[in-house]
Amino acid sequence: MKFAFVFPGQGSQSVGMLNAFADQPIVRETVQEASDALNQDLGKLIAEGPAEDLNLTTNTQPVMLTAAYAIYRAWQQAGGPAPALVAGHSLGEYTALVAAGAIAFRDAVPLVRFRAQVMQTAVPVGEGGMAAILGLDDDTVRAVCAEASAAGVVEAVNFNAPSQVVIAGHKAAVEKACEVAKAKGAKRALPLPVSAPFHSSLLKPASDQLREYLASVNVQVPSIPVINNVDVAIVNEPAQIKDALVRQAAGAVRWVESVQAMAAQGVTHVVECGPGKVLAGLTKRIDGNLIGASVFDPASLEETLKLLTAN
């Protein structure tokens, strides 16, 4: 048996998502460390909300990193074995790098807040949009975007599962692409409640600012191989890791290929570590032979521990 850990991105957050771990000192310590790094009470925000504050990307990104890493630490403390590979969806890639020892948690928390700020300000609020296209293959979605591009920039930015692709760009172009997609037989074209066209080329200004910020961040060689989003590659050199993070902000999340790459390396089990179960659901759709599991509360942690340590 060979297993990988994957870490979720934005969209999996919810008020009270760490409540089940309230009595675990390691989880409390992790949240406190993040609060100290930002000089903000993240514990209160996670436990009590309000949801509209939790859902602001400048809060969501550090909070999701913190929650998922806290759960990973709880896994380690429970005697959970180290995964053979790690990856993360979008923001989750930062959690994967922290879990792999490439970036110190105390450095990652302000880093992802900065990432959120520059991604948010790259495109004025209201000018960008994103939508999920269900029921069309990747090439058809790319063709849809090309057809709608007269209305502005629109690109396929998240390849999440077969027939589940997220597009992003200028609001008018995204709306046009949704119409074209439906005409081409999409089951659904759902606008997403996000504040910026994440992972589209419109976020190039964010990438440039991220490059400058990352120049002063200490990155080590990971102790666990990390499959990155932008190239579906495992890189060990700190400069290459930084470059992949820079390009990821304005580049597509190639999640289907990332999970397929795990399977190609002999991974049999993919464990989602963090709030929600979004990635576990995608795993089964990407490769029916993979066994998916989720660690999001003490009970699921215990269950996954049994699954992975059963001889």
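**Close-up 1. What helix H12 packs against.** The buried residues of helix H12 (residues 278-286) pack against strands S1 (3-7), S4 (154-161), S5 (164-170), S7 (269-273) and S8 (291-295), plus helix H11 (255-264). Those residues are Leu279, Ala280, Leu282, Thr283 and Ile286. They cover an arc of only 160° around the axis, so they sit on the same side of H12. The arc is taken from the directions from the helix axis to the C-beta atoms. Buried here means under 20% relative accessible area, exposed means over 50%, and partly exposed is in between (1.4 Å probe, protein chains only). Helices (H or I, at least four residues) and strands (E, at least two) are DSSP runs, numbered from the N terminus. This is a predicted model: local features need pLDDT of at least 70, side-chain atom pairs count only at pLDDT 80 or more, and totals for chains, interfaces and linings use all residues. Residues are numbered from 1 along each chain as its sequence is written, and side-chain values use heavy atoms, with hydrogens and water left out.

**Close-up 2. The buried side of helix H9.** Ala206, Ser207, Leu210 and Leu214 are the buried residues of H9. Their arc around the axis is only 100°, which puts them on the same side of H9. They pack against helix H5 (92-99), helix H6 (105-121) and H10.

**Close-up 3. Asn228 in its loop.** Look for Asn228 in the loop between helix H9 (204-214) and helix H10 (238-248). Asn228 is buried, at 3% relative accessible area. A polar atom of its side chain lies 3.1 Å from the backbone nitrogen of Val232. Beyond its neighbours within four places in sequence, Asn228 is in contact (heavy atoms within 4.5 Å) with Glu93, Ala233, Val235, Ala244 and Ser258.

**Close-up 4. Tyr69 and Phe105, a tilted pair.** The ring centres of Tyr69 and Phe105 are 5.0 Å apart and their planes are at 35°, so the pair is tilted. Rings of Phe, Tyr and Trp (its six-membered ring) pair if their centres lie within 6.5 Å; planes under 30 degrees apart count as stacked, over 60 as edge-to-face and the rest as tilted. Tyr69 belongs to helix H4 (residues 57-77) and Phe105 to helix H6, 36 residues apart. Both are buried: Tyr69 has 11% relative accessibility, and Phe105 has a relative accessible area of 4%.

**Close-up 5. Phe114 and Tyr213, a stacked pair.** With centres 4.5 Å apart and planes at 25°, the rings of Phe114 and Tyr213 are stacked. Phe114 is in helix H6 and Tyr213 in helix H9, so the pair ties together parts 99 residues apart in sequence. Phe114 counts as buried at 19% relative accessibility, while Tyr213 is partly exposed at 26%.

Notes
Polar contact = N/O pair within 3.5 Å; in protein donor to acceptor, adjacent residues only side chain to side chain.
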